[in-house]
Amino acid sequence: MNTRQLGRSGIEVSAIGFGAWAIGGPFSADGKPAGWGEVDDDVSTAAIHRALDLGVTFFDTADVYGTGHSERVLGRALAGRRDSATIATKFGNTYDEATRTLTGTDVSPAYIRSACQRSLSRLGTDHIDLYQLHPGYIPLSQVDDILATLESLVAEGLIRAYGWSTDDPERAAAFAAGPHCAAVQHEVNLLSDTPEMLALCDTLDLASVNRGPLAMGLLSGKYGSASVLPADDVRGDSPEWMRYFRDGRPDPGHLARLEAVRDVLTSGGRTLAQGALAWLLARSGRTVPIPGIRTPGQAEENAAVLARSPLDQAQLEEIDTLLGR
Ligand SMILES: NC(=O)c1ccc[n+]([C@@H]2O[C@H](COP(=O)([O-])OP(=O)(O)OC[C@H]3O[C@@H](n4cnc5c(N)ncnc54)[C@H](OP(=O)(O)O)[C@@H]3O)[C@@H](O)[C@H]2O)c1
């Protein structure tokens with residue numbers, strides 16, 4: 001089975017993980033939906049079990065996904081199978097469970113400690129394997145204090161390793177000064193390459209945990225120019241930062257780029273989603289894509305990448321050429 005190390009932690013995980021944002025169900029931020037619409041917890045649980053059965057061992061969630069709901073569903077699904085799973089969750093954004101809304105950020109030592117305890121309780125476990133700072137642009141001046149708190153959580157056995165979910169290489173490097181920093185989680189997919197971050201992971205011995213590996217579903221090819229995403233889906237009423245969907249529709253430029261590389265991605269009988277994940281596994285030996293998975297069918301399609309080889313170097317170059325890079 002295709003596995004990867006979480007940087008210097010030595011923790012071994014499946015090369016394809018399971019992103020658990022969508023299975024948290026509805027919640028909101030700044031008056032807009034931050035979830036992916038309604039969910040059926042039984043379907044989410046079946047998806048987690050299917051992924052585990054097919055060799056997926058790395059599960060990424062956050063305390064804020066569904067303001068606690070994603071962690072609860074994941075914890076219940078992993079009950080009795082905790083030892084087969086590596087759990088990554090996140091802290092640093094504040095939320096109100098009663099109204100299912102995000103309220104701000106807090107990275108004070110006291111807040112990190114209380115957030116950790118709440119995540120442990122919802123996940124039904126006595127330790128978190130990878131604990132990630134969620135807000136991506138906390139000032140560098142606060143990093144030392146955050147690292148000191150995380151190191152004390154490691155010493156107490158509550159977390160095994162930590163990382164930052166950030167797209168800023170300078171911040172990722174600052175966090176890597178912490179002895180138990182094992183990973184940076186950042187956005188990367190074939191429409192949005194990040195050579196600088198991947199090089200940094202090599203230099204600092206960090207895993208590159210890849211969020212948005214399917215460009216929020218666009219790279220699966222199931223959304224076309226006529227598609228309109230529902231208003232209760234984060235893609236349907238897009239916040240400012242969203243680039244793959246605009247006003248509820250897939251971005252036409254990205255759809256055209258996907259069309260341009262379709263044949264390379266689907267060579268060898270891969271589906272588009274499998275081709276997009278195989279691109280990430282080919283980019284570096286440190287990448288761990290965490291596609292968001294909502295159904296057992298998506299778990300099967302994405303987990304099948306574990307049994308195949310990544311794209312080869314010539315295919316990576318062909319994709320760069322076709323995309324004008
Ligand atoms: N700041 C952060 O730390 C941060 C930010 C974003 C994401 N993340 C993490 O990264 C994970 C993945 O990123 P993402 O959810 O933004 O986007 P993604 O993985 O690029 O896309 C996920 C979506 O694609 C669709 N999909 C997945 N597999 C498919 C398949 N085989 N065929 C067709 N459609 C498929 C599903 O939605 P539909 O079926 O509804 O289309 C799924 O929710 C998240 O779950 C979360 O754990 C972290």
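Close-up 1. Helix α2 (residues 69-78) has eight of its ten residues buried, so the rest of the structure largely encloses it. Buried here means under 20% relative accessible area, exposed means over 50%, and partly exposed is in between (1.4 Å probe, protein chains only). Helices (H or I, at least four residues) and strands (E, at least two) are DSSP runs, numbered from the N terminus. This is a predicted model, where local features need pLDDT of at least 70 and side-chain atom pairs count only at pLDDT 80 or more, while totals for chains, interfaces and linings use all residues. Residues are numbered from 1 along each chain as its sequence is written, and side-chain values use heavy atoms, with hydrogens and water left out. The buried set in α2 is H69, S70, E71, V73, L74, G75, A77 and L78. Those buried residues pack against α1, β6 (58-60), β7 (86-91) and α3 (109-123), contact being heavy atoms within 4.5 Å. Just after α2 comes G80, with a positive phi of about 85°.

**Close-up 2. Helix α1 alongside helix α9.** The axes of α1 (residues 41-53) and α9 (residues 296-303) come within 7 Å and cross at roughly 25°. That makes α1 roughly parallel to α9; the cut-offs are under 35 degrees for roughly parallel, over 145 for roughly antiparallel and 65 to 115 for roughly perpendicular, with the rest oblique. Axes are lines fitted to C-alpha atoms, for helices over the stretch in contact, and angles run from 0 to 180 degrees between N-to-C directions. From α1, the residues V43, A46, A47, R50 and A51 meet P296, A299 and E300 of α9. The residues of this contact split into six nonpolar, no polar and two charged.

**Close-up 3. Y131 and the nonpolar cores.** The largest nonpolar core has 92 residues, and F18, Y131, L150 and F175 are those with the most contacts inside it. Helix α8 (residues 272-283) supplies the largest share of this core, eight residues. A core is a set of buried Ala, Val, Leu, Ile, Met, Phe, Trp, Tyr and Cys residues joined through side-chain atoms within 4.5 Å. Not counting residues up to four places away in sequence, Y131 touches a list of residues including F91, I112, L150 and A161. A second, separate core of 13 residues includes A161, A182, A207 and I290.

**Close-up 4. A161 in strand β11.** A161 lies in β11 (residues 159-165) and is buried, at a relative accessible area of 1%. Leaving aside neighbours within four places in sequence, A161 is in contact with S9, I11, D129, L130, Y131, H180 and A182. P179 is 18 residues from A161 in sequence and 8.9 Å away in space, C-alpha to C-alpha.

Close-up 5. D30, in the loop between β4 (28-29) and β5 (32-33), has a positive phi near 50° without being a glycine. D30 is exposed, with a relative accessible area of 82%. R100, in the loop between β8 (93-96) and β9 (101-105), also isn't a glycine and has a positive phi of about 50°. R100 is partly exposed, with a relative accessible area of 30%. V107, in the loop between β9 and α3, is buried at 12% relative accessible area.

Key: Ala, Val, Leu, Ile, Met, Phe, Trp, Tyr, Cys and Pro count as nonpolar, Asp, Glu, Lys and Arg as charged, and the others, Gly among them, as polar.
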